[in-house]
Amino acid sequence: MREDVQSLDIRDVTANWVNAAVLERQIEDRIKALADLSHTPLFFGRLDYLHAPGADMAEGADGERFYIGRRHVHDADGDPMVIDWRAPVSQPFYRASSKDPMDIGLRRRFGYTGGELTAYEDEHLTDPQEAARTSKLLQAEIERPRVGPMRDIVATIQPEQDEIVRADLSGSVCVQGGPGTGKTAVGLHRVAYLLYAHRDRLARTGTLVIGPNKSFLHYIEQVLPALGELEVKQATVDDLVAHVEVRGADPADAAVVKGDARMAEVLRRALRSHVTIPTEPVMVVRGSRRWRIPAYELEEIVQELLDRDIRYGAAHDALPQRIAHAVLVRMEQSGEAPDDRVQDAVARNTAVKAAVKAAWPPVDPAKLVLRLLSDADFLADHAEGILTADEQKTILWEKPARSVKATKWSLADAVLIDEASDLIARTHSLGHVVLDEAQDLSPMQYRAVGRRCTTGSATILGDLAQGTTPWATGSWAEALTHLGKAGAHIEELTAGFRVPREVIAYASRLLPHMSPGLAPVSSVRENPGSLDLRTTDDLDAAAVTACHDSLRHEGSTGLIAADARIPALAEALTAAGLAYLNPGEETTAESRLTLVPASLAKGLEYDYVVLDEPAAVVAGEPDERTGLRRLYVALTRAVSGLIVTHSAPVPEQLTTG
């Protein structure tokens with residue numbers, strides 16, 4: 001298929017150089033999409049239908065066989081050899097069961113080792129004599145060592161995950177999923193499915209995956225290309241609101257207030273305060289004629305624009321046309337026959353432009369936020385009845401900067417500027433947005449993401465128990481309201497496929513103390529001996545020993561520690577001759593150890609994890625609840641084994657249950 005595309009000659013089929021350039025780009029993209037991926041087989045399953053799909057279900061009708069793979073593959077004659085996993089005919093591979101065989105007589109799974117076909121496993125779904133059993137190949141695929149970036153789960157998608165993946169584009173979906181339930185993979189596979197099912201529409205409107213940080217995005221960036229999707233953009237929330245250079249940081253209490261949804265109304269009031277009701281008439285001179293628009297009529301025009309509550313910038317652009325229209329009415333009443341060109345000319349008249357500037361002046365969003373956070377009187381005027389006096393004092397700068405460029409903006413400030421920018425001019429909306437680790441966003445950050453999909457849909461992924469910011473959301477209903485997706489369907493994934501049962505049970509002891517009411521994850525993986533608690537007097541030496549022990553196994557190892565402990569551990573690893581990577585750097589067969597600050601562990605996974613001093617992880621956060629949630633994240637990054645090393649007692653919440 002790739003050679004067919006490479007051999008295409010477009011010289012005689014393009015009308016001009018523009019068409020040729022576009023076609024060449026499309027051919028290049030097609031060749032990239034058809035690239036061979038090492039250790040990635042073309043097919044992973046087979047379905048034997050009892051009757052050909054769409055054919056008569058009468059007895060004696062011929063069945064049909066399909067091979068299922070990551071992408072469609074056809075032979076030289078164009079006949080399909082492998083069916084794309086997203087096609088409707090592939091759905092029974094994920095959904096069929098002995099209770100509902102979906103007209104499937106045989107489902108076969110293929111097992112691979114390093115790209116070599118090494119095993120297969122059959123399920124006869126219509127045979128009453130065949131007992132239901134757990135697929136060993138499925139188990140082996142889940143437990144396969146994790147080296148390199150995150151890989152797709154297309155061969156192991158579970159029925160409850162598949163329902164979310166194939167949910168319709170028109171509706172938004174929120175997925176609450178504990179550690180190891182596959183929520184991130186489900187979100188990425190949902191993007192791939194939607195691009196398959198609605199390619200033309202999403203090609204026009206765009207798709208975006210939003211992650212918590214650059215390390216996380218680097219970790220997941222290969223999943224969609226492996227499924228043949230190369231055009232999906234990835235970003236953090238900070239990238240979305242990068243209107244100014246962020247060089248500062250807020251204290252937690254100031255960040256909480258700035259991130260509060262009430263700030264949207266404060267900004268709206270501050271922006272609209274720039275509008276001044278006209279008190280003077282406008283005199284337009286054209287040739288020998290003068291046309292006077294009285295102040296009361298100008299007031300009516302401005303008041304109507306205010307009452308319509310349209311974007312500030314749109315109203316600013318509409319005002320000169322409204323004034324010009326009033327002039328044209330007078331021209332027509334005097335017997336003239338002006339056309340649209342005359343109206344445009346009047347709208348550009350010096351007197352009209354001066355009146356517009358006085359009544360509805362242009363506003364720079366960054367300058368608006370700068371004034372709001374540096375001018376106590378201005379803030380008080382527009383936050384009255386919304387923010388308390390203490391809250392206003394909390395967000396006011398002690399030493400205001402003189403200009404936008406000189407200001408040391410924080411991330412929360414950038415979000416405020418994004419809100420102000422949208423009040424002035426509408427933010428471009430995409431067709432579909434996937435928001436991962438959504439529990440950590442502030443209400444104003446939710447609004448910033450929601451603006452990017454006002455006319456599209458969203459997939460929201462997260463775990464309330466892993467909310468580790470002071471402004472982490474308390475409920476999905478609240479978060480969805482701020483996103484503008486209050487009608488989104490909420491799904492909960494409770495079956496864990498990554499973290500061993502012994503490890504998740506230990507971590508789940510924290511749930512009643514930090515997220516009461518959340519159901520614990522029920523791991524499907526038995527792995528006796530996967531949890532090892534070690535008390536020590538020398539933390540650095542114990543961590544090094546534990547890393548050596550973990551590296552004796554196949555796969556990746558992550559050493560996770562409180563951020564303050566990272567320099568000491570880095571020094572200890574170097575002294576011991578253990579090379580290590582930073583989060584986001586790709587593990588290889590030669591470099592399998594990553595040193596991970598606890599603040600960056602979210603969303604990552606390693607075959608073996610060494611967790612250094614749990615008490616220090618908790619103590620590194622501003623409050624106990626956030627500390628316990630950070631610890632919960634760190635405890636649940638392991639796929640095969642967890643070693644906990646500690647000199648201080650582990651938090652008491654882990655000793656009960």
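Which residues form one aromatic cluster? Phe-43, Tyr-67, Phe-110 and Tyr-112 do so, in a predicted model whose local features need pLDDT of at least 70, whose side-chain atom pairs count only at pLDDT 80 or more, and whose totals for chains, interfaces and linings use all residues. Residues are numbered from 1 along each chain as its sequence is written, and side-chain values use heavy atoms, with hydrogens and water left out.

**View 1. Tyr-67 and Phe-110 form a stacked aromatic pair.** The structure holds 10 aromatic pairs, where rings of Phe, Tyr and Trp (its six-membered ring) pair if their centres lie within 6.5 Å, and planes under 30 degrees apart count as stacked, over 60 as edge-to-face and the rest as tilted. In the pair of Tyr-67 and Phe-110, the distance is 6.2 Å centre to centre, with 25° between the planes. Tyr-67 belongs to strand β2 (residues 64-69) and Phe-110 to strand β5 (residues 104-113), so that the pair links distant parts of the chain, 43 residues apart; helices (H or I, at least four residues) and strands (E, at least two) are DSSP runs, numbered from the N terminus. Tyr-67 is partly exposed, with a relative accessible area of 27%, whereas Phe-110, at 13%, counts as buried (buried means under 20% relative accessible area, exposed over 50%, partly exposed in between, with a 1.4 Å probe and protein chains only).

**View 2. The rings of Tyr-312 and Trp-360 form a tilted pair.** Their centres are 5.5 Å apart and their planes stand at 45°. Because Tyr-312 lies in helix α14 (residues 312-333) and Trp-360 in the loop between α16 (350-359) and α17 (365-374), the pair ties together parts that are 48 residues apart in sequence. Both Tyr-312 and Trp-360 are buried.

**View 3. Two arginines lie over the faces of phenylalanine rings.** Arg-109 is placed over Phe-93, at 5.2 Å from the ring centre, and Arg-371 over Phe-378, at 3.8 Å from the ring centre. A charge sits over a ring if NZ of Lys or CZ of Arg is within 6 Å of the ring centre and within 35 degrees of the ring normal.

**View 4. Cys-453 is a buried cysteine in a structure with zero disulfides.** A disulfide is a pair of cysteine sulfur atoms within 2.5 Å. The cysteine sulfur closest to that of Cys-453 is in Cys-174, 13 Å away and therefore too far for a bond. Cys-453 has a relative accessibility of 0%, and Cys-547 is likewise buried, with a relative accessible area of 0%.
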